[in-house]
Amino acid sequence: MKIAILPGDGIGPEITKQAVNVLKALNVGAELIEAPIGGAGYDKFGDPLPDSTLDLALNSDAILLGAVGDWKYDTLPREKRPERGLLRVRKELNLFANLRPAILYPELVSASTLKPDIVSNLDIMIVRELTGDIYFGEPRGIHTNEEGEKEGINTMRYAVSEIERIAHVAFKIAMRRSKKLCSVDKANVLETTELWRQVMVEISKKYPEVELTHMYVDNAAMQLIKNPKQFDVLVTGNIFGDILSDEASMLTGSIGMLPSASLDSHNKGMYEPSHGSAPDIAGKDIANPLATILSLAMMFRYTFSDEKNANKIESAIKKTLSQGYRTADIYSTGDKKITCSQMGEAVIASLAN
Ligand code: NAD
């Protein structure tokens, strides 16, 4: 087990440290190698994805990433900005399948802004395509048009093969769950997603047990708030998935609870919390490390096929929450408010017994 540890920026190093401590406490004999990415990569090597970091990522079995980004890099040329390092590593490693579970732990029902009966026992899996769509499509850029006016261009593109491979991932996940899959698109307006819908229907013929439905993205955004439990597995493109998964995270109380896995076709994966680098709380030891620790559990499940250690981590988190421990973002009156590092320690203590 060779695992690359890429802490990144902002709260990235704080939350990654707690996940690494949990990993060490499991005693699985993993080789851990740390490298800079994002703003940290730019500061050290002038590149948000230094060659040495990319080499390490390519030669590891799995990657644990904190988060990248800070406002202080906002004036850099776009290719030097932290987020570009993240997009590049996903693309270079062909991590096209992003799995984002949104699970509401019973103890956190009061942390959600929605009514308890709407969100209790929520358990949704959002499957987001990660290496295509408007984030990567060419042509792109800002140029001056023939009328002499500045114009911004991005291009939404999907090839059939890209849609097919994410469809297979989503149908396979649906087969392991409730056999219900909802594909989210904007097929009434965007040709790219009209093709998306056609391919989803075609691939569904190979999974006759799965009930495939379709929903327009604007309606999906509304239904996620109105009646989120109607969904089990959602599959969608890169930009819609980006937005809907952040929305789903708030159903669970805090973005600090939402892990993610980004997989290639051989289940090699990069595991990271769904949130960003939270510069507003960086360095204060108050961030919630649970999304990162839950991402580690996903690493055991999806890359190492080690359900035992995945369950062990998730059970330890449930136990810690049931003992009333909360970081500031999920705290309600009466809970025991603790820091980021104390949360890491509490999870390790729960692992032990
Ligand atoms: P963000 O997710 O970093 O923060 C949004 C809000 O959630 C903030 O109030 C923050 O304090 C809070 N938050 C986030 N994670 C938390 C945690 N673990 N515990 C407690 N509170 C938490 O999003 P943003 O503010 O829009 O972006 C900040 C930076 O992060 C930007 O530079 C952005 O580009 C970058 N970003 C990176 C990633 C990534 O690395 N995958 C994803 C999104 C944004």
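Which residues does Ile203 touch, not counting residues up to four places away in sequence? The first legend answers this, and the model shown in every view is predicted.

**View 1. Ile203 and its contacts.** Ile203 sits in helix α7, which covers residues 191–204. Leaving out residues up to four places away in sequence, Ile203 touches Glu164, Ala167, His168 and Phe171. Its relative accessible area is 3%, so Ile203 is buried. Ile163 is 40 residues from Ile203 in sequence. In space, the C-alpha atoms of Ile203 and Ile163 are 9.5 Å apart.

View 2. The ligand is surrounded by 20 residues. Val68, Glu83, Gly276, Ala278 and Asn288 are the closest. By class, the shell holds nine nonpolar, six polar and five charged residues.

View 3. Glu83 places a polar side-chain atom 2.4 Å from an oxygen atom of the ligand. Val68 takes part through its backbone: a polar atom there is 2.9 Å from a ligand oxygen. Ala278 also has a polar backbone atom by a ligand oxygen, at 2.8 Å. Taken alone, the ligand exposes 800 Å², and the protein buries 69% of that area.

**View 4. The loop that carries Ala278.** Ala278 is in the loop between β12 (269–273) and α10 (290–302). Its phi is positive, about 40°, although Ala278 is not a glycine. Ala278 is also among the residues closest to the ligand.

**View 5. Gly12 at helix α1.** Gly12 belongs to helix α1, residues 12–26. Is Gly12 buried or exposed? Its relative accessible area is 0%, so Gly12 counts as buried. Beyond its neighbours within four places in sequence, Gly12 is in contact with Pro7, Gly66 and Ala67. Gly276 is 264 residues away from Gly12 in sequence. Yet the two C-alpha atoms, of Gly12 and Gly276, are 8.3 Å apart in space. Gly276 is one of the residues closest to the ligand.

**View 6. Arg100 in strand β4.** Strand β4 spans residues 97–103 and includes Arg100. This charged residue is buried because its relative accessibility is 5%, under the 20% cut-off. The side chains of Arg100 and Asn98 are joined by a polar contact of 2.8 Å. Not counting residues up to four places away in sequence, Arg100 touches Ile124, Met125, Ile126 and Arg128 among others. Ser245, Asp246, Pro259, Ser260 and Ser274 are also touched by Arg100.

**View 7. Helix α9.** Helix α9 has 14 residues, 238–251. From first C-alpha to last, α9 reaches 20 Å, close to the 20 Å expected at 1.5 Å a residue. Its buried residues include Asn238, Phe240, Gly241, Leu244 and Ser245. Glu247, Ala248, Ser249 and Leu251 of α9 are buried too. Ser245 is also among the residues that Arg100 touches. Gly253 follows α9 and has a positive phi, near 105°.

**View 8. A cis peptide bond at Pro139.** Glu138 and Pro139 are joined by a cis peptide bond. Omega there is about 0°. Pro139 lies in the loop between β5 (123–129) and β6 (141–144).

**View 9. Lys179, with a positive phi.** Lys179 is not a glycine, and its phi is positive, near 65°. Lys179 is in the loop between α6 (160–176) and β8 (180–185). With a relative accessibility of 29%, Lys179 counts as partly exposed.

Conventions: Residues are numbered from 1 along each chain as its sequence is written. This is a predicted model: local features need pLDDT of at least 70, side-chain atom pairs count only at pLDDT 80 or more; totals for chains, interfaces and linings use all residues. Side-chain values use heavy atoms; hydrogens and water are left out. A residue is near a molecule or strand if one of its heavy atoms lies within 4 Å of it. A polar contact is a pair of N or O atoms within 3.5 Å; within protein, one must be able to donate a hydrogen and the other to accept it, and residues adjacent in sequence count only if both atoms are side-chain atoms. Accessible areas come from the Shrake-Rupley method with a 1.4 Å probe; for residues, only the protein chains shown count as cover. Helices (H or I, at least four residues) and strands (E, at least two) are DSSP runs, numbered from the N terminus. Buried means under 20% relative accessible area, exposed over 50%, partly exposed in between (1.4 Å probe, protein chains only). Contact means heavy atoms within 4.5 Å. The expected span of a helix is 1.5 Å times one less than its number of residues.
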